[in-house]
Amino acid sequence: MMTVAFHTLGCKVNQYDSEAMLSEFINAGYQHVAFDEKADIYVINTCIVTHTGERKSFQMIRRAKHNNPNAFIVVAGCLAQRDSEKLLDKGADLVIGNSDRKDIVKHVNEALEAKRAIIKVKDLRHAHFENLSVESYSDKTRAILKIQEGCDRYCTYCIIPYVRGGVRSRSIESIRREAQKLVKNGYREIVLTGIHLSSYGRGQEGISLIDAISAVAEENIERIRLGSLEPCIIDEDFARKLNDIPAVCPQFHLSLQSGSDTVLKRMARCYTTEEYTNSVNILRKYYPDCAITTDVICGFSAETEQEHEESLSFVDSIGFSRVHVFPYSRRSGTAAAKMSEQILKEIKTRRAREMTAVAKKSQDRYAKGFLGKVVSVLFEENTDIGAIGYTPEYLRVEAEGAKQNSIANVKLVEYSKGIFKGVINTEA
Ligand code: SF4
């Protein structure tokens, strides 16, 4: 039996795409093995959103070659979309961009028969949504469902629109079918994801993100978690409709990027800090204890010390439950890469460190507010004493005697280093 191994870098959309490509290999009779094992085919699903993601993508190609010098190497994803020719020089046998993943096995066979490396990269400017499908995830409790692709906002720092193409949305029927299958396969939580989820349905008459979420909820999934949202999508109407769907987890990732209005303007983001705060307040009106998570970039082009201070104090003021902090990564081809004033690496690192400290305090403050409460936990992974899982707010909890893939009411009794100790509440 032929074997295939995957390594996935980057975001949840990439994770979904990898699982979907893996499903194609499994359906064609391949056996899935770990990336460190000797495999006949290695698939590296790449990321170029930061310099680190790009460097690691190249590293993994070298590692695959090292694991089996005779293996067939597939390079997929955003790096493949941008640098196809270069990847052939690096030893790829098939370069497949952000389309045609459904036919990955066919393309592998084509290259094997032709005895030469091939490139399958299309211009995505007018692409349609590619309906991929996942049979089963490596994670047994939580599944990702991609409902949207592409972005045409062109924030000045971001390379994504250049490699993922324009906005396209999965049809409600296709979402429903995929959700049905996942529920039937025993998944208890579905994470709805997309490159720019807030654009779901744009350009299509009469469908909205709320319709997509409702379609999934109608399949009786216990939990729905939403991927990253833009603050601009949150208004009273959206929050009220969302709140009418009980399966939606009260954890919202609202992309921030900077807490300084002048930086947001240079980034060409679509909101001010005041509008951001307003979106958070609307969410909290409907979900009083909800978790707000975000991403922040430190040391963006020409960011002054004062702007950095503004960003720190804004992040501190919101009460985030989690903040992903990134030093700005200059991506060639973007508008910000051409901005004349770039910040020194050591300054970016220091600012990211300061932001991480503020974020950590905020995370602990939010979490400690849950001590003593009884919360619902979906256990995902067995441990020596029981299992670890997550609350709807995405708080991490370990409880003695808990079992993987069960949901229990748990009293949170202790919090340390980002994880709660919980006691299963038998009365609940
Ligand atoms: S909204 Fe901005 S940051 Fe997000 S993917 Fe689109 S261009 Fe990139």
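Predicted model: local features only at pLDDT ≥ 70, side-chain atom pairs only at ≥ 80, totals over all residues.
Q: When does a residue count as near a molecule or strand, and which residues surround the ligand?
A: A residue is near if one of its heavy atoms lies within 4 Å of the molecule or strand. The shell around the ligand in this model includes Y154, Y157, I160, P161, H196 and E230.

Q: How many helices and strands does the protein chain have?
A: Both are DSSP runs numbered from the N terminus: helices are H or I with at least four residues, strands are E with at least two. On that basis, the protein chain has 13 helices and 18 strands.

Q: What share of the protein chain is buried?
A: Start with the overall extent: the C-alpha atoms fill a box of roughly 65 × 55 × 45 Å along the principal axes. Buried means under 20% relative accessible area, exposed over 50%, and partly exposed in between (1.4 Å probe, protein chains only). Of the 428 residues, the buried share is 56%.

Q: In what order do the strands of the open sheet lie?
A: Two strands pair if DSSP finds at least two bridges between them. The open sheet has six strands with parallel pairing, and its edge strands, β2 (31-32) and β6 (118-120), each pair on one side only. The order is β2-β1-β3-β4-β5-β6.

Q: Which residue of β3 stands opposite A5?
A: Strand β1 covers residues 3-8 and strand β3 covers residues 41-46. These two strands are parallel partners, joined by five bridges. Opposite A5 we find Y42.

Q: In what order do five strands close into a barrel?
A: The barrel has mixed pairing. One antiparallel part is β15 (residues 386-390) with β16 (residues 396-400), held by five bridges, and there A387 stands opposite A399. A parallel part is β16 with β18 (residues 419-424), over three bridges. The order is β14-β15-β16-β18-β17.

Q: Which residue in the turn between β17 and β18 has a positive phi?
A: Most residues other than glycine have a negative phi. The strands β17 and β18 form a hairpin with two residues between them. In that turn, a positive phi of about 50° belongs to K417.

Q: What is the phi of Q257, and what is the phi of A302?
A: Q257 sits in the loop between β11 (251-253) and α10 (261-267), and it is buried because its relative accessible area is 8%. A302 is in another place, the loop between β12 (291-298) and α12 (305-318). Phi of Q257 is near 75°, and phi of A302 is near 65°.

Q: Which side chain does the side chain of E380 contact?
A: E380 belongs to strand β14 (residues 374-382), and it is buried because its relative accessible area is 12%. A polar contact is a pair of N or O atoms within 3.5 Å; within protein, one must be able to donate a hydrogen and the other to accept it, and residues adjacent in sequence count only if both atoms are side-chain atoms. E380 has such a contact, 2.8 Å between side chains, with R142.

Q: Which side chains make polar contacts with the side chain of S133?
A: S133 lies in the loop between β6 and β7 (142-149). It counts as buried because its relative accessibility is 18%. Its side chain has a polar contact of 3.1 Å with the side chain of E178 and one of 2.4 Å with that of K181.

Q: What distance separates the C-alpha atoms of E173 and E309?
A: E173 is part of helix α7 (residues 172-184) and is partly exposed, since its relative accessible area is 44%. Along the chain, E173 and E309 are 136 residues apart. Their C-alpha atoms are separated by 47 Å.

Technical notes:
Residues numbered from 1 in each chain as written. Heavy atoms only, no water.
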